[in-house]
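Work through the exercises below with the coordinates open. Each task is followed by a solution in steps.

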Amino acid sequence: MQTWSLISICVLLGVVVRWGVSLNSYSGAGKPPMFGDYEAQRHWQEVTYNLPIREWYFNSTNNDLAYWGLDYPPLTAYHSWLCAYIANIINPEWVKLHKSRGYESPEHKLFMRTTVLVADLLLFIPAVVLYCLYLTDGSSKKKVSVLLCILLYPGIILIDYGHFQYNGVSLGLALWGILGLGLGWDALGSIAFSLALNYKQMELYHALPFFCYLLGKCFKAGLMGHGFFLFVRIAAAVVVTFALCWLPFLSDPVQALQVVRRIFPVARGLFEDKVANTWCSLNVLIKIRTLILVFTLLAVLPSSIRVLTRPTFWHFKLALVNSSLGFFLFSYQVHEKSILLAALPVCLLLNDLPFMSVWFLLASTFRYSECFFSLFFYISVAAMVGLSITSVTLDPPSHLPDLFPVLVSTTAYLLFLGTIIHFNILQFSGPPSKKSQKKSN
Amino acid sequence: MAADGWSWFPVLAAGVSLFKCLFISSYRSTDFEVHRNWLAITHSLPVSRWYHENSSEWTLDYPPLFAWFEFGLSHVARHFDGDMLLLHKQNYASPPTVLFQRLSVIVTDGVFILATRECCRCVQTQKASQKAVLSQPPFILAVLLLWNFGLFIVDHIHFQYNGFLFGFLLLSVAKHLQAQHLQGALLFAVLLNLKHIYLYVAPAYGVYLLRSYCFTESSTDGGIRWRSFSLLRLLALGSVVMAVCGLSFGPFIVMGQLPQVLSRLFPFKRGLCHAYWAPNAWALYNALDKVLATVGVRLKLLKEAELPQASMTGGLVQEFQHSVLPSVSPSVTLVCTLLSILPALASIWRRPRGARGFLRCLLLCALGSFMFGWHVHEKAILIAILPLSILAVESREDAGIFLLLSTTGHYSLFPLLFTPTELPIKVCLMLMFSLFSFCALRKLHSGDGSLLHPLEVAYLLGLGMVALFSEVLFPLSPWKQRLPFLPLLATSVYCSVGVSYSFLRLYATLLRSDSKPKQH
């Protein structure tokens, strides 16, 4: 069958699966007073639509920051404003200041789910299709298989369409950035990645590899000649993008500072929920900030320096994995959904390292969803399955109520630790394979 | 190529089963409550009360074997939520209830998966070329059946047990294709006792089995050889059918409830057309009647006050009178149906073309009954579409008819899912299935020319226009209040044209091969 028809079928399947998941309940449904992420997004629409920009990030009678205050960079706020504008046309009740708090209705759910799908259709899905078509080796059947696998990766579907978030936007923009870099359009790729950074600060997990890869390229092209111009072009693109995104907040340093304070709140606790993080596993409650910083840097620096010295696309992709995994496992204040940042680059490696990638993607979904997608091969998968089933069907002993979540976290942590070691070894072992040498640009 | 086995089949089957699980929370129609009520009736009441119970409007109107099936299910239902088995709990739909019912449909689809596998076995792989698995007839047939759009939305969203029932039908057909006629007859007898709508295709079975099974040989010119009649075979067939019917209706005959059961099974009080007109000949007849009435009133040939109330297009199921054209009674529809299928039956009697001729006749019986039957449901189009898939992967001409009929038939099912939440689902799934069927069949039958005539292509594009109008433009237009039935009318009438055309073309293929006697 022709490639375009196979690709269309895969994309349609991806869309239907996403919509099928979205039929279910969202985070915080029917749970006053705080509800959940769904209400947070709705509240941001309310705030951005009704208040002037200078009040968005500040605490006031109209904007209670304790109730889901804005804590993402400005692009999220602009996106919320756009959604709110449309929401207001359909039904002003949805975004009425103060009165719409905790608003829930089937029509509103349909609207919110639609906004997620539209964002995905515009950003994430086209990026995935283009990546598979142009940056994946092999026959067209192989490309379509990779496309199908990435589109059906459960982690991002469950979080965006089940729980409710807009990771498709930030990951999509990051993927456009990776696409740009892969095709040799460094400035455009940098712009896309800067936009991703300005959408969710979590994308900083990917920032180091981007920076090192581009810097490495500039060095390689010669700092006295081509490299210098490349550096200037990229730097200018990034600066202009940031400036445009932060424009309304640059008039007053207090504004800019407040936004920074909101997106990097160092006042919050060490870990959120029960995350498969080193600190969770060690159950260390002491704030050893310098130690954390050291560990994180130890985890991410080696791969980034490697890509600085050998700026090929292959190393870039590996560095993305290592960097995001390193930050996820070792850094301060991690959200469990941050594993998605590691899952995305692993998806990009599906074609080159199918077994390892699939295994990791299963493990990441297991951590998030506590069951569904497990295959019976190898002990680790059997362990995942066993744990999943017992945590769903059995009740934990009464003196250890958190037994299962902690067990799941610990198991997942060990799996991820193994993964980061493996990928680091890969990055430093021997010469890259022949086919990836073609990709060095 | 054949040696690397059928490893793709379990993947397809498991994939579609998991996919079905995603839609457990989607829209459910009143059929959900119907089946829940039947679970309650069969579980809570003694057998003697099953066909008398009418405290709910959803009375038991399927044959006894289905009632026993629900009885069996009710024992499993007990472990999910015992409350669903209480009679007075009308419209009870707790999460465990929904989960149980949805899972029961997904699990009983196992019969359909089995039947698909058997049908795929009957379809020859093209040995000539080294084509990839994706282009082989068994694979294409498996996708066309397992991932059939119509079956999916009717069973797993609207809610019914058609997968389970079609499994029996297709398994019976597969057995006939494999020349195991007694098993095929047994399966069909069971099917008839599960849902009597399959009486539509019983004449095909009757004539075929009598002609090709009871008469063991044909003469050299394909005609009948009276001497080769085998009484043994006739008795065997008869006893199989009687045994099954006996098992099913026996208890009720003993209790003297047969008339009551039959009155439940054949309720002719309902109108000529379902609330939404199935795209058959009567839809065209009704539309013509309406047009003539409107024109007549405009031209002052008729008085508006004399016309019966225009409630045919309302959502209620009642008996109606036509305004201008003569009214149609059940006996008229029966006569029309019989007349429409008689040529097909005569054709396979005179010159049987083996099991494939039987399949063609079965299709024509199904379509004929669909076109002219009394109170036909639009879902009945699936009885024609699914078996046609088997012929579509084998013959070029049938593939063309299949593309037209399946696209039209599937689109005519759109009004079943009218909620905005289900809109992306039905559109995407329909596109997926249509895209696959067009591309796969075109590649399979690659030869000179395309599978579809330009006029047919134009018709299908027009179908897209109707879809756009009904789903997008009309709800946003000012006519929504004044003419709420317009999209349904448009869909129904437009699709009837396509279905009628496919019926005629399929007839042509049967009668054309009649004039060229061939032995299969």
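Contact here means heavy atoms within 4.5 Å. The model is predicted: local features need pLDDT of at least 70, side-chain atom pairs count only at pLDDT 80 or more, and totals for chains, interfaces and linings use all residues. Residues are numbered from 1 along each chain as its sequence is written, chains are lettered from A and ligands numbered from 1 in the order in which they are written, and side-chain values use heavy atoms, with hydrogens and water left out.

**Exercise 1. Helix α11 of chain A**

Find which residues of α11(A) are buried, and state what they pack against.

Step 1. Helices (H or I, at least four residues) and strands (E, at least two) are DSSP runs, numbered from the N terminus. Buried means under 20% relative accessible area, exposed over 50%, and partly exposed in between (1.4 Å probe, protein chains only).

Step 2. Helix α11 of chain A spans residues 253-263, and its buried residues are Q255(A), A256(A), Q258(A), V259(A), R262(A) and I263(A). These residues lie on the same side of α11(A) because they cover an arc of only 160° around the axis; the arc is that of the directions from the helix axis to the C-beta atoms.

Step 3. On the face of α11(A) turned away from the buried side are the exposed residues P253(A) and R261(A).

Step 4. The packing partners of the buried residues of α11(A) are α3 (74-90) and α10 (226-250) of chain A.

**Exercise 2. The interface of chain A and chain B**

Describe the contact between the two chains by residues, area and polar pairs.

Step 1. Chain A contributes 17 residues to the contact and chain B contributes 21 residues.

Step 2. The size of an interface is often given as the accessible area lost when the parts come together. Buried area is accordingly the accessible area (1.4 Å probe) that two parts lose on being put together, summed over both. Between chain A and chain B this area is about 1,800 Å², with 84% given by carbon and sulfur atoms. In chain A, the residues that lose the most area to chain B are M1(A), V16(A) and L23(A), together 35% of what that side buries.

Step 3. Two residue pairs are in polar contact between chain A and chain B, both at pLDDT 80 or more.

Step 4. Helix α1 (residues 3-22) of chain A supplies the largest share of the side of chain A that touches chain B, 13 residues. By class, that side of chain A has 13 nonpolar, four polar and no charged residues. Ala, Val, Leu, Ile, Met, Phe, Trp, Tyr, Cys and Pro count as nonpolar, Asp, Glu, Lys and Arg as charged, and the others, Gly among them, as polar.

**Exercise 3. The surroundings of H43(A)**

Is H43(A) buried or exposed, and which residues does H43(A) touch?

Step 1. H43(A) lies in helix α2 (residues 37-50) of chain A. Its relative accessibility is 3%, so H43(A) counts as buried.

Step 2. Not counting residues up to four places away in sequence, H43(A) touches N63(A), Y67(A) and W68(A). A polar atom of the H43(A) side chain lies 3.3 Å from the backbone oxygen of Y67(A).

Step 3. From C-alpha to C-alpha, H43(A) and S80(A) are 9.1 Å apart in space, and they are 37 residues apart in sequence.

**Exercise 4. Backbone geometry**

Step 1. Most residues other than glycine have a negative phi, and most peptide bonds are trans.

Step 2. P33(A) is in the loop between α1 and α2 of chain A.

Step 3. F164(A) lies in helix α6 (residues 154-164) of chain A and, at 0% relative accessibility, counts as buried.

Step 4. F159(B) is in helix α7 (residues 149-159) of chain B and counts as buried at 0% relative accessibility.

Note on methods: A polar contact is a pair of N or O atoms within 3.5 Å; within protein, one must be able to donate a hydrogen and the other to accept it, and residues adjacent in sequence count only if both atoms are side-chain atoms.
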